[in-house]
Amino acid sequence: MNMERWILIGFSSLCIIALFKLIPRSKARDAWVLFTFLQIITWPAGLFAVEKGWIEYPTQLFPHVNQYNRTSFSFEFFLFPIVAVFFSLYYPAKVKPKGAIIYYLSFTGFFTICEVLLERYTNLVKYHEWKWYWTLITVMISLFLNHKYYSWFKKRLVKVENV
């Protein structure tokens, strides 16, 4: 197995451990809503970027499954949704707009730096027409949409007392 697959397995394992350690049991349903809603955003967006030839994922964790869908299963369906879960669950609710911008830039900046490093030093992602700032912008928009959906969804939740 090559180094890129070990990186994917390492990131995936780290994310699974973080899910169990950092998400309170009472927020598990919220995390599931966040996780699945972001997949609705990332699947068509990732597929569009790959099919347009802007970005490529040469090394896949499940290469036989990705014969027809060449997006990154690891990124689009697992790692980014987990980042979005942590983003929204730990979002500071009573923050001023300047603090919210810093929060968004912290998450998206870290995410973008990681992707740029992976693009330069591994065979996990290759930019063709894609630029690093597209990652920054699209991740920021995706996190914004996901967090707005989560805020809207939470308003409709009703706490049920034990009978």
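Mentor: Start with overall size. For 163 residues, a compact globule would have a radius of gyration near 15 Å, and the chain has 17 Å, so the two agree. Keep in mind that this is a predicted model. Along the principal axes, the C-alpha atoms fill a box of roughly 50 × 35 × 25 Å.

Next, the fold. The chain has 5 helices and 2 strands. Read from the N terminus, the order is α-α-β-α-α-β-α. Take contacts between residues with a separation of 6 or more: 73% of them join residues 24 or more positions apart. Of the 163 residues, 40% count as buried.

Now the core itself. In soluble globular proteins, nonpolar side chains tend to be buried together. Here the largest nonpolar core has 23 residues. Ile-55, Phe-80 and Leu-143 have the most contacts inside it.

Look closely at Phe-80. Set aside its neighbours within four places in sequence. Phe-80 is then in contact with Leu-38, Thr-42, Phe-75, Phe-111, Val-139, Ser-142 and Leu-143. There is also a second, separate core of 13 residues. Among its members are Ala-18, Ala-31, Phe-78 and Leu-79.

Thr-59 sits in the loop between strand 1 (55-56) and helix 3. Its relative accessible area is 10%, under the 20% cut-off, so Thr-59 is buried. Not counting residues up to four places away in sequence, Thr-59 touches Asn-2, Glu-4, Arg-5, Leu-8, Asn-123 and Leu-124. Take Glu-4 from that list: Thr-59 and Glu-4 are 55 residues apart in sequence, yet their C-alpha atoms are 6.8 Å apart in space.

Ile-113 is found in helix 4. Its relative accessible area is 53%, over the 50% cut-off, so Ile-113 is exposed. Ile-113 and Thr-135 are 22 residues apart in sequence and 9.6 Å apart from C-alpha to C-alpha.

The accessible surface of the chain comes to about 10,800 Å². Carbon and sulfur atoms account for 68% of that surface. As for charge, the chain has 18 positive and 9 negative side chains. The centres of these two sets lie 13 Å apart.

Key:
Residues are numbered from 1 along each chain as its sequence is written. This is a predicted model: local features need pLDDT of at least 70, side-chain atom pairs count only at pLDDT 80 or more; totals for chains, interfaces and linings use all residues. Side-chain values use heavy atoms; hydrogens and water are left out. Helices (H or I, at least four residues) and strands (E, at least two) are DSSP runs, numbered from the N terminus. The radius of gyration is taken over C-alpha atoms; the globule rule is 2.2 Å times the number of residues to the power 0.38. Buried means under 20% relative accessible area, exposed over 50%, partly exposed in between (1.4 Å probe, protein chains only). Contact means heavy atoms within 4.5 Å. Accessible areas come from the Shrake-Rupley method with a 1.4 Å probe; for residues, only the protein chains shown count as cover. Lys and Arg count as positive and Asp and Glu as negative; His and the chain ends are not counted. The place of a charge is taken as NZ of Lys, CZ of Arg, CG of Asp or CD of Glu. A nonpolar core is a set of buried Ala, Val, Leu, Ile, Met, Phe, Trp, Tyr and Cys residues joined through side-chain atoms within 4.5 Å.
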